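This report covers one structure.

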Amino acid sequence: MKAVIIGGGVAGLSAAITLRNAGWEVILKERAPEFTEVGLGFIILPNGLEALETIGAGEAAKRYGTMVNKAII
């Protein structure tokens, strides 16, 4: 099977990893020429981290992320 993923954000990268792990041929398209820090953060809840662990990206998320014990939104 083949797939084209449009967008290299968290969802696009996660979809691409998951499909590749399932044996698909994947092409990922991102309009930005390079990844840069944009001053944006987001919170990954425990079930999201579990999903990242399932596709093999959990350790990287833990290594490059910061644990937050309390957030006020």
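The sections below take the model's basis, then the strands and helix, then the charged side chains.

## Basis

This is a predicted model, in which local features need pLDDT of at least 70, side-chain atom pairs count only at pLDDT 80 or more, and totals for chains, interfaces and linings use all residues. Residues are numbered from 1 along each chain as its sequence is written, and side-chain values use heavy atoms, with hydrogens and water left out.

Helices (H or I, at least four residues) and strands (E, at least two) are DSSP runs, numbered from the N terminus. In strand 1 (residues 2-6) the side chains alternate: A3 and I5 point to one face and are buried (under 20% relative accessible area, 1.4 Å probe, protein chains only; exposed is over 50%, partly exposed in between).

Strand 1 pairs with strand 2 (residues 25-29) in the parallel sense over five bridges; pairing requires at least two DSSP bridges. V4 stands opposite I27 of strand 2. Helix 1 (residues 10-21) has G12, S14 and A16 buried. After helix 1 comes G23, with a positive phi near 95°.

## Salt bridges

A salt bridge is a side-chain nitrogen of Lys or Arg within 4 Å of a carboxyl oxygen of Asp or Glu; the count comes to two. K62 forms one with E53, with the closest N and O atoms 2.6 Å apart. Another joins E59 and K62, at 3.8 Å from N to O.

E59 and K62 both lie in helix 3 (residues 58-64), three residues apart. E53, E59 and K62 are linked in a network of salt bridges. K62 is partly exposed at 39% relative accessibility, and E53 is partly exposed at 34%.
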